[in-house]
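Subject: Structure handover

Hello,

Here is the structure you are taking over.

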Amino acid sequence: DVGLGQLRNTEAEVDEMTRTLEVLKPNLVKAAKETEELIATITKESADAAATRASVSVEEAACNAKADECKAIRDECELGLQEALPALEMAAKAVQSINKKELGEIRALTAPSEKIKKVMEAVCVCLEEAPKRVVNPNGGGTLH
């Protein structure tokens with residue numbers, strides 16, 4: 001009798017669990033469907049992210065190559081600048097040491113020598129002015 005009562009209680013509990021399961025079944029089906037959709041979305045987004053990652057990797061490599069090229073150019077320019085700065089400083093000191101008398105002597109020349117023309121062109125470069133042709137006030141053509 002006790003065993004039969006136990007079986008009836010168990011049967012009642014199983015029936016209750018079956019009804020509860022039937023009530024929850026639509027929720028479980030819905031949750032399973034949402035999970036599948038979420039997995040599909042994650043899979044697609046993962047594939048998109050991998051493609052983007054590959055694209056960014058290619059762009060990064062190109063940018064790094066360009067940066068290396070720019071650094072090489074900058075280093076080359078820095079080296080050239082380091083070589084040119086002493087000459088510029090010497091030229092600036094030489095320009096500053098020209099006195100009014102020497103400048104007057106240069107102006108008084110009717111036809112300056114090629115050396116003087118070259119020096120004056122260098123002075124113009126140091127002063128960042130383009131050399132100009134002017135009419136010789138003493139006659140005899142133009143001066144550079």
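The predictor gives each residue a confidence from 0 to 100, called pLDDT. This is a predicted model, and the chain averages a pLDDT of 86, with 92% of the residues scoring at least 70. Confidence is highest in helix H1, residues 2-97, at a mean of 92. Strand S2, residues 142-143, has the lowest, at a mean of 52.

Overall layout

The chain contains three helices and two strands. Along the sequence they come in the order α-α-α-β-β. The radius of gyration is 46 Å, whereas a compact globule of 144 residues would have one near 15 Å. Along the principal axes, the C-alpha atoms occupy a box of roughly 145 × 30 × 25 Å.

Surface and charge

Of the 144 residues, 3% count as buried. The chain exposes about 12,500 Å², and carbon and sulfur atoms account for 61% of that area. As for charge, there are 19 positive and 26 negative side chains. The centres of these two sets are 15 Å apart.

Cysteines

How many disulfides does the structure hold? The count is zero. A disulfide is a covalent bond between the sulfur atoms of two cysteines. For cysteine 70, the nearest cysteine sulfur belongs to cysteine 63 and is 10 Å away. Two sulfur atoms must be within 2.5 Å to count as a disulfide, so cysteine 70 is in none. Cysteine 70 has a relative accessible area of 44% and is therefore partly exposed, since that class runs between the 20% limit for buried and the 50% limit for exposed.

Leucine 88 and cysteine 126

Leucine 88 sits in helix H1. The C-alpha atom of leucine 88 is separated by 7.4 Å from that of cysteine 126, and the two residues are 38 residues apart along the chain. With a relative accessible area of 46%, leucine 88 is partly exposed.

Glutamate 128

Where is glutamate 128 placed? Glutamate 128 lies in the loop between helix H3 (114-126) and strand S1 (134-135). Its phi is near 60 degrees, a positive value in a residue other than glycine. Most residues other than glycine have a negative phi. Is glutamate 128 buried or exposed? Its relative accessible area is 74%, so glutamate 128 is exposed, the cut-off for that class being over 50%.

Regards

Conventions:
Residues are numbered from 1 along each chain as its sequence is written. This is a predicted model: local features need pLDDT of at least 70, side-chain atom pairs count only at pLDDT 80 or more; totals for chains, interfaces and linings use all residues. Side-chain values use heavy atoms; hydrogens and water are left out. Helices (H or I, at least four residues) and strands (E, at least two) are DSSP runs, numbered from the N terminus. The radius of gyration is taken over C-alpha atoms; the globule rule is 2.2 Å times the number of residues to the power 0.38. Buried means under 20% relative accessible area, exposed over 50%, partly exposed in between (1.4 Å probe, protein chains only). Accessible areas come from the Shrake-Rupley method with a 1.4 Å probe; for residues, only the protein chains shown count as cover. Lys and Arg count as positive and Asp and Glu as negative; His and the chain ends are not counted. The place of a charge is taken as NZ of Lys, CZ of Arg, CG of Asp or CD of Glu.
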